[in-house]
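This report describes a single protein model for a reader who has not seen it before. Please look over the sequence and the structure first.

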Amino acid sequence: MERFTASDGARIAYRDEGRGRPLVFLHGLMAHSGFFERQRSLADDFRLIAIDLRGHGESRDALGGRSIARLADDVAEISAALDLADAVGVGWSLGATILWRLLAGPAGRRFAGAVVVDMTPRVLNAEGWSLGLSRELCEARTAAIRDDFQAFAAGAGGAIFASPGPEADWAAEQFAANDPRAIGALWESLVEEDARDALPAIRQPTLIVRGAHSHLYGASTADYLAGALPTASAVEFAGSGHAPHLEEPDLFNATLRDFAAILPRAATERLTA
């Protein structure tokens, strides 16, 4: 993997392969770029940028702030350094929250579209909002990450799939390799995020992907996003849980190809950082 030095000196790992329209892959909490391994076949038609977000994978030892804002800054800086244009952001879970920050900010001009995989704009439920997770569940996860991270990681690895199997064991092993302090800080930052006000200003066409058997978010969450974003549509993967790109990769890749094909191209002038 290649390395990028962020503005605060942290070293962020990423993979850059293929040629064509850039696809920027942003993984979920406790995962890493390897969770998009089954999308590497797309390199025949696209330039694939898969980032190990700060605190994860080969960026696990990156020092500095560990918050959603800082992770979004990292991705924005990498996108500028690589001079990306007409990109499609693919954000899974935590990665979708980061993607919304990117699209709503100056870095959004580098993106022509977005794919959001099984995520809610606000994790913490509150008065008038029930499309996330209860306060009790959020607090229980905070405590589990702090007090018994290995058990939490094992359970989370299985929970992302529609049904348990060897892949769940692999995911649990990958999750457990993380530093619980880093994951705890990012989880608390994620719980504090609320992207709902930003959604109406995101003009990039967005494809909302959900697994029919997701243990986290239901069809109502996808429907909300489809209504809140100016240009959005939703698709359901019948055989998947929280990770359709892992569980139904051929269908996911074909869906991504079709979506990217209908996106307009921006003006040809080069973007400046």
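The sections below go from the whole protein to the sheet, its helices and a few single residues.

## Overall form

This is a predicted model. The protein contains nine helices and eight strands. Its radius of gyration is 17 Å, close to the 19 Å that the globule rule gives for 273 residues, so the protein is as compact as a globular protein of that length. Along the principal axes, the C-alpha atoms fill a box of roughly 50 × 40 × 35 Å.

Of the 273 residues, 53% count as buried. The accessible surface comes to about 11,300 Å², and 50% of that surface belongs to carbon and sulfur atoms. Among contacts between residues at least 6 apart in sequence, 76% join residues at least 24 apart.

## The sheet

The eight strands form an open sheet with mixed pairing, in the order E1-E2-E4-E3-E5-E6-E7-E8. Strand E1 (2–5) and strand E8 (232–237) are at the edges; each has a single partner strand, so one side of each is left without a neighbour in the sheet. On average, neighbouring strands of this sheet are turned by 25° against each other, direction ignored.

Strand E2 (residues 11–18) pairs with strand E4 (residues 46–51) in the antiparallel sense, over five bridges. In this part of the sheet, tyrosine 14 stands opposite isoleucine 51 in E4.

## Helices on the sheet

Helix H1 (residues 68–81) packs on the sheet and touches E1, E2, strand E3 (21–26), E4 and strand E6 (111–117). The direction of H1 makes about 110° with that of E1. Helix H2 (residues 94–104) also packs on the sheet, where it touches E3, strand E5 (87–92) and E6. The direction of H2 makes about 140° with that of E5.

## Strand E3

E3 runs parallel to E4, and six bridges join the two. Phenylalanine 25 has alanine 50 in E4 as its bridge partner. E3 also pairs with E5 in the parallel sense, over four bridges. Here leucine 26 has glycine 91 in E5 as its bridge partner.

Six of the six residues of E3 are buried, so the strand is largely enclosed by the rest of the structure. In a regular strand the side chains alternate between the two faces of the sheet. Both faces of E3 are covered: Arg21, Leu23 and Phe25 are buried on one side, and Pro22, Val24 and Leu26 are buried on the other.

## Arginine 70

Arginine 70 is in helix H1. Its relative accessibility is 13%, and arginine 70 therefore counts as buried, the cut-off being under 20%. The side chains of arginine 70 and glutamate 77 are joined by a polar contact of 3.2 Å. Leaving aside neighbours within four places in sequence, arginine 70 is in contact with Ala6, Ser7, Asp8, Arg54, Gly65 and Glu77.

## Two aspartates with positive phi

Most residues other than glycine have a negative phi. Aspartate 86 has a positive phi of about 60° although it is not a glycine. Aspartate 86 is placed in the loop between H1 and E5, and at 12% relative accessibility it counts as buried.

Aspartate 118, also not a glycine, has a positive phi of about 45°. Aspartate 118 lies in the loop between E6 and helix H3 (135–147). With a relative accessible area of 3%, aspartate 118 is buried.

Terms used
Residues are numbered from 1 along each chain as its sequence is written. This is a predicted model: local features need pLDDT of at least 70, side-chain atom pairs count only at pLDDT 80 or more; totals for chains, interfaces and linings use all residues. Side-chain values use heavy atoms; hydrogens and water are left out. Two strands pair if DSSP finds at least two bridges between them. Axes are lines fitted to C-alpha atoms, for helices over the stretch in contact, and angles run from 0 to 180 degrees between N-to-C directions. Contact means heavy atoms within 4.5 Å. Buried means under 20% relative accessible area, exposed over 50%, partly exposed in between (1.4 Å probe, protein chains only). The radius of gyration is taken over C-alpha atoms; the globule rule is 2.2 Å times the number of residues to the power 0.38. Accessible areas come from the Shrake-Rupley method with a 1.4 Å probe; for residues, only the protein chains shown count as cover. A polar contact is a pair of N or O atoms within 3.5 Å; within protein, one must be able to donate a hydrogen and the other to accept it, and residues adjacent in sequence count only if both atoms are side-chain atoms.
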